[in-house]
Amino acid sequence: MMEDAVETALRNWDGEELVVRFDRPTGAWILVAIHSTRLGPAVGGTRLMTYPSFGDALADALRLAESMTTKFAVVGFPRGGGKAVIAVPAGFDPTRRLALLETYGRLLGALGGLFTTGPDIGTSSEDMDLIDRVAAGRAFSRTPAAGGKGSSAPPTALGVFSAIEAACEVVFGGTSLEGRTVLVQGAGSVGGLLIERLARAGATVLFTDVDAERIAAWRARGFRFVPPEGAISSDCDVLAPCAVGGVLHHGTIPLLHCRIVAGSANNQLVEEADARRLKENGIAWVPDFVASVGGAMAITGMEALGWSEDEAEERVRGIGHVVRRVLRSAAESELTTAEVARRIARERLGGP
Ligand code: PHE
């Protein structure tokens with residue numbers, strides 16, 4: 001990204017604040033994007049990875065921070081949206097990771113509670129323990145040994161499951177998954193737990209993945225594997241993208257043979273027009289920012305708002321109400337599910 005492109009990206013972003021720190025010893029850029037504190041202090045994951053350029057890292061941070069604001073607003077959770085990106089150079093020396101995370105922790109401490117974080121791609125609950133030791137109270141999803149609630153994968157999977165049940169109710173007239181076929185794309189931490197829940201609920205579960213070991217493990221447990229090339233066009237009732245983003249676009253949407261798409265992957269659409277394409281193809285798309293909010297909501301609720309496990313579970317299951325409302329009003333109007341969900345979020349944020 002050229003320098004004026006960085007300026008354009010920031011001008012076009014409607015967030016509140018971007019904090020930038022260059023960590024000279026490692027050559028890493030630390031970006032903390034605080035999109036909105038309107039509903040409460042900003043919360044969002046810390047993503048640690050290598051990007052092709054500084055501009056890509058910046059674009060990712062800005063976009064992901066905004067989507068956290070929408071996620072929390074759409075379910076009425078009293079937290080704002082933010083995201084941190086730690087962009088490490090290619091060939092990053094892992095022995096420097098600890099010092100880098102400590103530097104990052106000091107930065108969060110200096111921000112004085114404006115931004116609180118959880119794990120995301122490239123960071124773990126153990127990393128949150130470390131950050132919290134440097135900046136107490138600034139990291140969620142710490143390990144149970146350190147007094148945290150551990151991984152956010154279980155509540156995330158429960159949220160996706162509740163979204164699928166609600167979508168089935170709207171589309172097929174009943175929440176029961178008995179006899180429904182669901183294809184889970186990505187059998188990782190969230191996808192794996194979702195597979196188990198779906199199977200327990202009586203669904204026929206197909207899965208696709210790119211990792212040979214994972215494929216073998218799920219096959220050994222009796223689940224049918226669909227090779228990634230043909231996965232998107234598989235015959236199923238529900239497609240659940242739980243891996244990478246960008247899976248729904250003008251090239252793939254016409255190939256879909258499902259009635260519902262609901263999964264935890266962030267940013268499933270390539271462009272906004274894809275929400276319209278899905279609608280025109282008769283597919284009920286549960287916006288990813290609705291389906292995936294369970295993890296961050298439950299963990300933050302338990303660790304910062306004093307929710308009990310039961311309360312957290314109830315709130316996560318409540319994602320189903322939002323899904324029903326979104327799918328029904330989209331079906332009864334010209335609006336896409338994304339437009340309806342964004343409108344709900346905007347109303348809560350008090351925006352235009
Ligand atoms: N990766 C989570 C998200 O983006 C971040 C998170 C996890 C935040 C746990 C809070 C608690 O939604």
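Strands here are DSSP runs of E with at least two residues, helices are runs of H or I with at least four residues, and both are numbered from the N terminus. Two strands count as paired if DSSP finds at least two bridges between them.

Before going on, a word on the source. This is a predicted model, in which local features need pLDDT of at least 70 and side-chain atom pairs count only at pLDDT 80 or more, while totals for chains, interfaces and linings use all residues. Residues are numbered from 1 along each chain as its sequence is written, and side-chain values use heavy atoms, with hydrogens and water left out.

Back to the sheet. In what order do the five strands of the open sheet lie? The order is β1-β2-β4-β3-β5, and the pairing is mixed. At the edges are β1, residues 17-23, and β5, residues 115-119, each of which pairs on one side only. On average, neighbouring strands of this sheet are turned by 20 degrees against each other, direction ignored. For angles, axes are lines fitted to C-alpha atoms, for helices over the stretch in contact, and the values run from 0 to 180 degrees between N-to-C directions.

Contact, here and later, means heavy atoms within 4.5 Å. Thr69 is a residue of α2. Thr69 is buried because its relative accessible area is 4%; the cut-offs are under 20% for buried, over 50% for exposed, and partly exposed in between, with a 1.4 Å probe and protein chains only. Leaving aside neighbours within four places in sequence, Thr69 is in contact with His35, Ser36, Gly81 and Leu349.

Now β2 itself, which covers residues 28-36 and pairs with β1 in the antiparallel sense over seven bridges. β1 and β2 form a hairpin with four residues between them, and Gly27 in the turn has a positive phi of about 75 degrees. Between these strands, Val19 has Val32 of β2 as its bridge partner, and Arg21 has Ile30 of β2. Ile30 also stands opposite Ile86 in β4.

How many of the nine residues of β2 are buried? Eight of them are, and the strand is mostly covered. Take Ile34, which lies in β2. Ile34 counts as buried because its relative accessibility is 0%. With neighbours within four places in sequence set aside, the contacts of Ile34 include Trp13, Gly15, Ala42, Leu114 and Phe115. The C-alpha atoms of Ile34 and Ala84 are 50 residues apart along the chain and separated by 8.5 Å.

Next, the loop between β5 and α4 (125-134), where Asp120 is found. Asp120 counts as buried because its relative accessibility is 18%. Not counting residues up to four places away in sequence, Asp120 touches Gly45, Thr46, Arg47 and Lys83.

On to the rings. A search of the whole structure finds six aromatic pairs. Rings of Phe, Tyr and Trp (its six-membered ring) pair if their centres lie within 6.5 Å; planes under 30 degrees apart are stacked, over 60 edge-to-face, and the rest tilted. Phe22 and Trp29 form a tilted pair, 4.8 Å centre to centre with 45 degrees between the planes. Phe22 counts as partly exposed because its relative accessibility is 33%, and Trp29 likewise at 31%. Together with Phe54, Phe22 and Trp29 form one aromatic cluster. Elsewhere, Arg180 lies over the face of Phe172, at 3.8 Å from the ring centre. A charge sits over a ring if NZ of Lys or CZ of Arg is within 6 Å of the ring centre and within 35 degrees of the ring normal.

Last, the cores. A nonpolar core is a set of buried Ala, Val, Leu, Ile, Met, Phe, Trp, Tyr and Cys residues joined through side-chain atoms within 4.5 Å. Which residues have the most contacts inside the largest core? They are Ile164 and Leu198, in a core of 59 residues. Its largest share, eight residues, comes from helix α5, residues 153-172. A second, separate core has 22 residues, including Val32, Ile34, Phe92 and Ile131.
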